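These are my notebook entries on a single protein chain.

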Amino acid sequence: MTRRLAIAVLALAGLFISTYLYLYKIGKIGTLACGTGGCEAVQLSPQSQFLGVEVALIGVVGYLALLVLAMACLIPRFAGRSWPLTLLLVLIAGAVLFTGYLKYLEFFVIHAICRWCVGSAVVILTMLALTTLEWRRSEERSG
């Protein structure tokens, strides 16, 4: 249960980061606490949208979904079932691939690094590691 709780806490942290970036993007926050200016360059670039949707909003919705699913994995009724954890792992793996694409854009297209985006990448990678470990443990118990 400790890993599952950590996954939920990380999803909450990711939700806070993406909400902060989205609030900046829609003009509710004047400047980003970044220190280098790279955050603004990334957030104001054309690549800050994916298929016409703000990447930060995709992060808000994605992390919210991961948080809800991670919380469901903590409920005893679902904790013994494999589908919530498997679905969580698949969604996180997809988020890691999307994050890799975004990191590529930062490094090779925008030529700026957003520290908040790096923080989000660390969060989602840590979630992937913990969820993979938890999924393997769950599979060993049931198999």
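**Entry 1: Thr131.** I looked up the exposure of Thr131 in this predicted model and found a relative accessibility of 0%, so Thr131 counts as buried. I located Thr131 in helix H6. I then asked which residues Thr131 is in contact with, leaving aside its neighbours within four places in sequence. They are Ile7, Leu85, Leu88, Leu89 and Ile92. I also looked up the side chain of Thr131 and noted that one of its polar atoms lies 2.7 Å from the backbone oxygen of Met127.

**Entry 2: the largest nonpolar core.** I next turned to the largest nonpolar core, which has 33 residues. Which of its residues touch the most other members? I recorded Leu21, Tyr63, Leu66, Leu88, Ile92, Ile124 and Met127. The elements that give two or more residues to this core are helix H1 (2-25), helix H2 (38-43), helix H3 (55-72), helix H5 (83-110) and helix H6 (115-142). Helix H1 gives the most, with 8 residues.

**Entry 3: helix H5.** I checked the length of helix H5 against its number of residues. At 1.5 Å a residue, the 28 residues of H5 should span 40 Å, and the end C-alpha atoms are 38 Å apart, which agrees. I then listed the buried residues of H5: Pro84, Leu85, Leu88, Leu89, Ile92, Val96, Thr99, Leu102, Lys103, Leu105, Glu106 and Ile110. I noted that this list includes Lys103 and Glu106. The helix is followed by His111, whose phi is positive.

**Entry 4: positive phi values.** I kept a general point in mind here: most residues other than glycine have a negative phi. I therefore wrote down two residues with a positive value.

- His111 has a phi near 60°. His111 lies in the loop between H5 and H6, and at 61% relative accessibility it counts as exposed.
- Leu51 has a phi near 55°. Leu51 lies in the loop between strand S1 (49-50) and strand S2 (53-54), and it is exposed, with a relative accessible area of 77%.

**Entry 5: cysteines.** How many disulfides does the model have? I found a count of 1. This disulfide joins Cys34 to Cys39, with a sulfur-to-sulfur distance of 2.2 Å. The torsion about the S-S bond is about 65°, so the disulfide is right-handed. I looked up the exposure of both partners and found that Cys34 and Cys39 are buried.

I then examined Cys114, which is in no disulfide; its nearest cysteine sulfur is that of Cys117, 3.1 Å away. Cys117 is likewise in no disulfide, and the nearest cysteine sulfur to it is that of Cys114, at 3.1 Å.

Key. Residues numbered from 1 in each chain as written. Predicted model: local features only at pLDDT ≥ 70, side-chain atom pairs only at ≥ 80, totals over all residues. Heavy atoms only, no water. Disulfide = S-S within 2.5 Å. Buried < 20%, exposed > 50% of the residue type's maximum accessible area, 1.4 Å probe, protein only. Core = buried A, V, L, I, M, F, W, Y, C linked by side-chain atoms within 4.5 Å. Helix = DSSP H or I, 4+ residues; strand = E, 2+ residues; numbered from the N terminus. Polar contact = N/O pair within 3.5 Å; in protein donor to acceptor, adjacent residues only side chain to side chain. Contact = heavy atoms within 4.5 Å. Expected span 1.5 Å × (residues − 1).
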